[in-house]
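Try each task before you read its solution.

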Amino acid sequence: MDKTKETYVLKMDNIAKEYYGNRVLKGVKLHIRPGEIHALMGENGAGKSTLMNILFGMPVIHSTGGFEGTVEVNGEPVQIDTPLKAMEMGIGMVHQEFMLIPGFTVTENIKVGREISTPNLASRLFGRSMESLDFKQMRRDARKALKTIGLQIEEYVKIAGLPVGYMQFIEIARELDKTGIRILVFDEPTAVLTESEAERLLEAMRVISSQGIAIIFITHRLDEVMAVADSMTILRDGEFVARKEIKDTNVVEIAELMIGRKMEKLVDDGIPDTRTIKDDDIAISLRNYKVDMPGEKVTGIDLDIRKGEIFGIGGLAGQGKLGIPNGIMGLYKAEGQVKINGQTLNLDKLGDALDHKVAFVSEDRRGVGLLLDESIEQNIIFSAMQTNGKFLKKFAWINLYDAAAAQKHAEEMVKTLDIRCTGIRQPAGALSGGNQQKVCLARALTLEPDVLFVSEPTRGIDIGAKKLVLEYLAKLNREQGMTVVIVSSELMELRSVSDRIAIISDGKLACILKPDDSDAAFGLAMSGAWKGGQENA
Amino acid sequence: MRNPFKPLIAKFGLPRVIIVSFFLFLVAAAGGFHMNLMQLLSDCLRRWGMFGILALAMVPAVQCGIGLNFGISMGIVGGLLGGLIVIQLQIAQKPALVAIHPLFAMWVAILVAILIGVALATVIGYLYGQLLNRVKGSEMTVTTYVGFSIIAFMNMWWMLLPFSDGELIWPNAGKGLRNTISLASSYSNVMNKTLAFNIGNLTIPTGLLLFFFFMCFLVWLFMRSKTGIAMSAAGANPMFAKAAGINVNKMRLIGTTLSTVLAAVGILVYAQGFGFMQLYNGPMMMGFTSVAAVLIGGASPKRARIPHVLIGTFLFQGILALGLPVANQFIPESNLSEVARLIISNGIIIYALSQVKGGNGRE
């Protein structure tokens with residue numbers, strides 16, 4: 001492309017950013033032409049949010065040491081160090097979580113902070129903050145903005161009680177109402193919308209861009225990108241992968257670009273695989289399984305996990321993969337039929353999964369996984385004590401804590417899993433992420449489960465601990481025949497240990513893949529291009 | 001500049017360092033004024049045993065996750081009713097019991113009072129726990145007002161309940177229960193006197209302290225039982241407990257009930273040591289003194305242990321016991337001691353509440 005002919009409304013070049021020594025952006029560029037819809041794509045953690053935070057001059061960037069690289073708006077280099085500056089430059093954002101005040105009317109929400117006012121007696125005495133509001137003019141402006149995006153709604157209605165789809169449009173109307181808006185960022189706008197609402201949103205985006213406003217469209221959904229975008233930038237692991245014109249590319253290529261990476265062996269195959277996995281020997285069967293977990297809704301899944309296999313569950317954040325184990329363990333309201341080794345699980349009875357010999361290592365280590373102030377010993381033996389009545393001794397009529405047995409077991413676990421600590425009395429909260437994870441794992445194993453759910457086993461832990469945890473899971477599976485279900489956002493890690501991988505998209509099963517299936521297959525499944533639950537053999 | 005005492009102070013807690021210094025200062029001052037130090041220390045010990053169980057009531061409440069239970073007046077009311085019933089039945093004067101030993105009759109009286117109090121407090125505590133399970137996140141505010149409300153509510157009932165014993169109702173055939181009821185004819189000082197002995201001028205109320213330690217032992221035992229550990233986990237991290245299949249609401253109910261029951265026992269032990277039962281607005285601020293005591297001992301709204309109760313009650317009551325006579329030496333005829341009590345008890349509550357890290361309560 002000839003750079004001299006092209007004019008860009010926004011040019012970000014060689015952007016690099018470090019958070020506490022962790023490089024999250026490595027020389028990324030983003031070029032946007034006026035009036036185009038530009039899709040910004042990448043997996044979770046690819047660096048999209050960080051890039052947008054830089055564009056908006058968010059405090060989180062500048063309080064952690066700023067960033068490297070240059071930003072040009074309309075061909076002029078600029079320093080955006082506060083969100084206010086970004087606003088002045090005509091950069092607007094439609095948030096994923098609505099930033100609206102429920103008790104205010106549509107007009108007030110659109111105009112809040114930028115009210116139109118006229119002087120009166122009080123304001124002459126006490127200053128501008130006492131001026132009267134020009135509601136007529138404000139309503140006219142609100143109407144105009146609403147009309148632009150084609151939303152049929154009275155501007156005097158209160159926000160509270162409006163459907164979610166409307167709120168999104170009001171957010172957009174507010175951004176449009178700002179004078180001189182040049183770039184509008186949509187951060188996964190369709191994630192919370194129904195299909196018809198999403199359709200209308202895409203239509204509104206086209207209208208907005210036709211007025212010369214450039215749109216940066218962050219989304220995971222490939223079909224939407226193909227439908228509205230003019231061009232796209234793909235990020236992967238903080239690196240710039242490609243900038244493509246939509247007309248020059250296709251779904252398969254985009255999917256490949258998003259996922260594509262060399263397969264790294266995370267696990268040494270030192271252990272002989274003597275397992276026999278039969279298709280009719282089912283450890284866990286889910287039928288029409290639904291979980292109401294905020295942000296990770298499962299909306300109806302049929303799935304069979306065979307006894308003795310390592311089963312991976314992948315998918316993007318917020319698509320519902322985490323809801324699956326949390327629902328089974330009774331942490332969130334679940335319905336449908338769940339069978340463990342052929343026995344139906346009572347989903348309304350707390351702890352029923354534990355009684356069926358299912359153990360769970362939570363993705364939320366600090367929130368759910370650990371008693372941070374309690375000792376490692378307490379953390380390891382707690383569940384087994386409560387569920388199986390282990391580490392207790394009778395004293396008169398009460399079951400008392402058997403400190404000696406607990407200590408012995410905890411010490412054994414610390415040794416087997418190589419938990420680095422000053423001793424089993426150390427509070428779990430004082431350990432590093434990787435060691436905390438091992439404590440969680442130790443607790444689950446103390447339950448001596450048939451089925452082990454491990455959710456995000458390697459989140460926030462270093463590569464060495466990662467390898468050890470994954471290898472240990474593989475070892476448990478090979479040597480003890482434990483059925484292991486790994487739920488993870490890291491596709492690479494799933495592909496390195498699992499026998500089969502289910503991809504969850506939109507709360508439903510997109511498909512079940514083999515670890516050596518093509519990158520494109522994984523990419524397409526994760527981007528919601530495949531619906532229904534076919535097994536890809 | 002490095003201060004070698006810094007880590008030590010951090011571990012012990014600055015407020016405790018100040019309180020201990022203040023306590024030592026009072027002891028020194030009392031010595032300086034040539035007061036009867038031994039008698040003052042006897043008073044400390046007596047008050048330690050008297051107030052201890054009320055402070056102990058905070059342990060299950062804090063550990064099960066409802067936080068500091070300002071509403072122990074719920075249990076106090078149950079205990080007071082037990083005490084009233086025993087006086088009405090004149091158990092301490094039953095000839096058959098007195099014949100064995102007068103002290104034995106008094107012990108029977110207070111134990112029956114405790115039994116009735118515990119039974120009533122169990123029912124009250126269960127209902128109270130149900131209420132607290134419905135107001136998660138603002139328990140401390142709610143307990144404060146529930147505590148005040150029950151006092152006001154019982155103010156009506158103290159007038160209406162059909163007690164008829166002359167010791168209980170207003171004299172001259174009046175109606176309603178008295179404000180302050182003497183226990184001289186029932187179980188006044190029964191624990192204090194049991195096995196009490198003197199070392200010089202220092203009186204050791206052995207029975208009282210043994211009973212207090214025994215209650216502490218029972219609670220300690222419970223906290224080490226399967227249910228007790230589950231309860232602590234439910235209080236520390238409800239989601240963690242839930243993941244281990246523990247019914248968090250049930251655990252909170254157990255903790256609240258236990259706290260209420262301990263309060264019922266506590267008020268009877270307090271009353272026997274004091275020699276009087278106080279009705280109407282008497283127990284209004286009991287919750288605050290108990291909370292302050294356990295906080296001084298090093299507890300937080302998230303964590304309270306038996307040593308916190310032992311240390312805290314001793315320091316808090318010790319300062320009150322020494323404070324009044326010493327203050328009177330400084331400024332005769334003043335109520336400086338009362339002012340000091342208010343400053344210490346309310347100050348320490350504010351300090352502790354300001355230490356709570358918000359935003360991690362989730363379920």
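The exercises below treat a helix, a pair of domains and a chain interface in a predicted model.

**Exercise 1.** Find which residues of helix α1 of chain A are buried, and where they lie around the axis.

*Solution.* Apply the cut-off: a residue is buried if 20 or more other C-beta atoms lie within 10 Å of its own. Now look past the helix: G57(A) follows α1(A) and has a positive phi, near 60 degrees.

**Exercise 2.** Describe how domain 1 of chain A meets domain 3 of chain A.

*Solution.* First set the bounds. The domain assignment gives 1-88 + 217-260 for domain 1 of chain A and 265-357 + 449-537 for domain 3 of chain A. Their centres, taken over C-alpha atoms, are 33 Å apart. Next, count the contact: domain 1 gives 13 residues and domain 3 gives 12 residues. On the domain 1 side, α9 (222-228) and α10 (251-259) of chain A each supply at least two residues. α10(A) has the largest share, six residues. By class, this side has six nonpolar, three polar and four charged residues.

**Exercise 3.** Work out what chain B brings to its contact with chain A.

*Solution.* Count: 18 residues of chain B touch 23 residues of chain A. Locate: α11 (226-236) and α12 (238-243) of chain B each supply at least two residues of the chain B side. α11(B) gives the most, with five residues. Classify: the chain B side has nine nonpolar, four polar and five charged residues.

Key
Residues numbered from 1 in each chain as written. Chains lettered and ligands numbered in written order. Predicted model: local features only at pLDDT ≥ 70, side-chain atom pairs only at ≥ 80, totals over all residues. Buried ≥ 20, exposed ≤ 12 C-beta atoms within 10 Å, placed from the backbone. Helix = DSSP H or I, 4+ residues; strand = E, 2+ residues; numbered from the N terminus. Arc of directions from axis to C-beta. Contact = placed C-beta atoms within 7 Å. Nonpolar A, V, L, I, M, F, W, Y, C, P; charged D, E, K, R; others polar. Domains from an automatic or database assignment.
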